[in-house]
Amino acid sequence: MSFDPELMQDFLTESGELLEQLDQDLVTLESTPSEGELVNRVFRALHTIKGSASFLGLTNLVQIAHAAETALNAARNKVFVIDRPAMDLLLEGVDTIKKQFDNIRAGQELLKPDKGLCEQLIALGDGHGAPAVVAPAPAVVAAVAPAAPEAVVGKSVVVSVGAGQGAGGEAFALAEATSTPFSLPPGKCELVEFLVADVEATLDQIAEQIARLCDDAHRSSAASTISDLAEALTRSVDFFGVDPMLELAGLLRKVGSKGGDLSKDEAGAVGARAQQAVDLLRETSKGLAGGQLVSRPLDGFCRSFIELLEAGHDLAPMVRAPSAAPAVITAAVPGAATSAATAATAGVPASVQGSKPEAKVAEHEHEKKSAASGEQTIRVEVGRLESLLNLVGELVLQKNRVSALGRQMVSSDWAPQEFRESVAQANGALDRVTADLQNAVMKTRMQPLEKLFGKYPRLIRDLARKLGKDINLVIEGGETEVDKSVIEELGDPLIHLMRNSCDHGIESPEARVARGKPRTGTIRLAASHEGSHVQILIIDDGKGIDPGFIARKALEKGVVTESQLGTMTDREKTLLIFAPGFSTAEALSDVSGRGVGMDVVRTNIEKLKGSIEIDSTPGQGSTMRITIPLTVAIMAAMMVAVGPEVYAVPLSAITEIVKPSEGQVSTIRGQKVMRLRDTVLPLLDGADVFKLSKGDASERPFAVVLSSAGKRVGLLVTRPVGQQEVVIKPLDGSIDRKGAVSGATVRDDGGVSLIVDIAKLFAALERREPG
Amino acid sequence: MSTSQQQAEVVGGKIAAGQTFSAADQLQLVTFGLGSEEFAVDILAVQEINRMMALTRVPQSPPEVEGVINLRGKIIPVVDLRKRFGLPATDKSEQSRIVVVEVHARTIGFIVDRVSEVLRISGKIVEPAPSMVCSVDADFIAGVGKLEDRLLILLDLGRLFSVEQIEAAKAA
């Protein structure tokens, strides 16, 4: 692709976001097909994607987007109601667009979109009767000039609402049009037809809104719609690279942005000009379709139009404008303006008038607010945030050292009392500020879980259809924020759990009815803050997990032995689904059931220093409870010394630290174990784990009791050093990761401590056990 | 940014094995000693030179990786160059230094017996490496600089710390 990679990147980011939203909106739309605003939003998103794609000459992408857009346009005009088959088609269309995006990202050529799909989508729009967009009011097209004086009179009077169909204002006389042959580069030729049709459809809509502009009640909504439409228009017109068209579209955008503030008379004048601009654009785009570039000198028109718009509430310049421009007024059809004036004299009940401006003001404020919030976010490269976080971490370290020195000084007596007090105060302030700073920087990396959750309605819908089940997904707490890296790591495990709930949890509608449950199963996905952790619940009202069934399956797969099962509680049996190589799917499906699922889910969640638990009542459903820290960049850890080295052990994995007496420790088959209350705890020597020189075992008298997925182990260390919040840093790739460390951190004293990888530690224990 | 500078950032200096140097090339080098031999690397690749500091050993890391250090918040591996070259290990002394370089967009430190000086030499006194010049594998040598009184072995950092080399070291 020969395009500026930066442009392409922008396109991918922006349109990518739109696509994500699209998925969500479409699924919502399926359940509420009559939601007009939603249809509009979906339509606009598709339109924007199409516009940008056409600008970049991505023909294949434009075709499919166009097809989907056509179908939606029909839905928008209530030509047909979006039902399931229609939604299937639409979603397939969106999927195709997504695939094209993936291809672009991978730097591959775009695939030709499935012709059948495009045709079906277009047929959806056309087949049910073409969506004849309401024709623009013809009266506006042939707007009038001599009405201006009356309009000035009318301004002083309260203007009526009823005369909305007409528009007062003068048309600008235009010079003769000239035609020259016009051709686009070969890549773009195929798109001309689409784009012309697209531009025309947009123009029709704009014309419709221009007519509404004269109506006091609808002015601001019409203006904002024009603004949107003109924005889309600009994108489409961009494709042709014809400057006058861009200029005209720009004028229409201005109309949109200023339109809301116009008085009735001004609106009439502006409306007439806008309509003229629309007509000019139509003329040009028609010409382009026929390979001709129709052009007229537009300088005068544009200048006077801008003057007219900038004039704001002062009507005078508007009247002067035509004479300032070197042109002759040719059209003068009385009608609209006169009717406006007549209506003005007729007057309108005061009460109605009184309420309107207020509503208008409120609406304006709302718009202004949303415009302002749009400017308050900026895109920042993740790398920059990361380095900022790094620096803050470093600052905290240095602060700790300075604080320590300060404390020493405060407790010594060589400095005067007053001085020591100031140092203590400054120290305290420094502490608070750095802590706040660290928090603030962490917050910049926080993102709402919504980002993940938004994808699931679509997922569940597709799964439910595939499995022939009725499933309702309820999402709560999507606004809960977690660190960006957590979001990235959490995606796969969550999808897997949701799939499991659909596949294994929720029963078929018939089975549900037979059990006296509602036909439609419900999966609840709920997130909430729990202290420094986030809890995510996945609750289904399906058949639950039967421990006996799990146990039998586990036995079949050789995950456990008969004797092991004998000692297991129901709870432990349920937890067997997390064992490697366990899969309960009766038939392997592409939904879930490759037998790696739950094992991987658990590992991934533990990688995040989180945990997963299962509660299940057979016949009533199950609850998966995932607890994860807010961030993976900072972790609460227990620092423990093993010989000369200090290691950081994730606090979340530690249940207790004990100092076993000699009598408690014994050896079973050459492996050290200890009796901890009523249980036997296997012990791992820290010196073995970290490959340190062994020395005397009595040098490591403390056992740090760690637990993971129902298993426990005691790690023998020299002594616990203390609890600390550690900033997790990655180890260089050249360092082998076979060792039981997951990263490193910098201690208060500037030294480096390795972070113990609990999962690998347990893996080491398992390797040891059979041997 | 010129291409040569970019390259320097990526592969660790513009001194590469198999390259011939002409009189027009002005080389600015950091020289250091290992045992009785003197080595040099391109100054552009060198980020800083530190005194020895406490290293944290990493279990099951490649043998020549001596450990990791904290370089202003970044954890970087430190390689013992003696081990890398298969020279007999010696105790670290007051003169020992950790030279921090950027190679292949990674930051790596290596321990040398001593750092001598920063030197500017002309390319015309640099000759391609003879196959059996010293204890070091000829693959890592970009050339030999003939100074008046001594020889200077120019190291190709890109190769010395290439990903394959590290993999190979791991496998061994």
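In chain A, six strands form an open sheet in the order β12-β16-β17-β15-β14-β13, and their pairing is mixed. Its edges are strands β12 (654-658) and β13 (665-668) of chain A, each of which pairs on one side only. Between neighbouring strands of this sheet the turn is 35 degrees on average, direction ignored. The coordinates described here belong to a predicted model.

Within this sheet, strand β16 (residues 702-708) and strand β17 (residues 711-717) of chain A run antiparallel and are joined by seven bridges. In general, the strands of a sheet pair through backbone hydrogen bonds, in either a parallel or an antiparallel manner.

Chain B contains four helices and 11 strands. It has 172 residues, of which 51% count as buried. Among the contacts in chain B with a separation of 6 or more, 61% come from residues 24 or more positions apart. The accessible surface of this chain comes to about 8100 Å², and carbon and sulfur atoms account for 50% of that surface.

Charged side chains form the next topic. Side chains of opposite charge can pair when their charged atoms come close. Over all chains, the count comes to 39 salt bridges.

| Salt bridge | N to O distance |
|---|---|
| A:Asp685 and A:Arg700 | 2.5 Å |
| B:Asp80 and B:Lys92 | 3.4 Å |
| B:Arg150 and B:Glu117 | 2.6 Å |

In chain A, the side chains of A:Asp685 and A:Arg700 meet in a salt bridge. This pair links distant parts of the chain, with A:Asp685 in strand β15 (residues 679-685) and A:Arg700 in the loop between α27 (686-689) and β16, 15 residues apart. A:Asp685 has a relative accessibility of 12% and therefore counts as buried, the limit being under 20%. A:Arg700 is likewise buried, at a relative accessible area of 5%.

In chain B, a salt bridge brings together the side chains of B:Asp80 and B:Lys92. B:Asp80 belongs to strand β5 (residues 74-80) of chain B, while B:Lys92 lies in the loop between α2 (81-84) and β6 (97-103), so that distant parts of the chain, 12 residues apart, are linked. B:Asp80 is buried, with a relative accessible area of 3%, whereas B:Lys92 counts as partly exposed at 37% relative accessibility.

The remaining pair in the table consists of B:Arg150 and B:Glu117. Because B:Arg150 lies in the loop between β10 (141-146) and β11 (151-155) of chain B and B:Glu117 in strand β8 (residues 114-122), the pair ties together parts that are 33 residues apart in sequence. B:Arg150 is partly exposed, with a relative accessible area of 27%, and B:Glu117 is partly exposed, with a relative accessible area of 30%. Elsewhere, salt bridges that share partners connect A:Asp23, A:Asp88, A:Asp95, A:Lys98, A:Arg458, A:Arg461, A:Asp462 and A:Arg465 in one network.

Chain A contributes 23 residues to the contact with chain B, and chain B contributes 20 residues. The area buried between the two chains is about 1900 Å², with 59% given by carbon and sulfur atoms. How many salt bridges are counted between chain A and chain B? The count is zero.

Terms used: Residues are numbered from 1 along each chain as its sequence is written. Chains are lettered from A and ligands numbered from 1 in the order in which they are written. This is a predicted model: local features need pLDDT of at least 70, side-chain atom pairs count only at pLDDT 80 or more; totals for chains, interfaces and linings use all residues. Side-chain values use heavy atoms; hydrogens and water are left out. Two strands pair if DSSP finds at least two bridges between them. Helices (H or I, at least four residues) and strands (E, at least two) are DSSP runs, numbered from the N terminus. Axes are lines fitted to C-alpha atoms, for helices over the stretch in contact, and angles run from 0 to 180 degrees between N-to-C directions. Buried means under 20% relative accessible area, exposed over 50%, partly exposed in between (1.4 Å probe, protein chains only). Contact means heavy atoms within 4.5 Å. Accessible areas come from the Shrake-Rupley method with a 1.4 Å probe; for residues, only the protein chains shown count as cover. A salt bridge is a side-chain nitrogen of Lys or Arg within 4 Å of a carboxyl oxygen of Asp or Glu. Buried area is the accessible area (1.4 Å probe) that two parts lose on being put together, summed over both.
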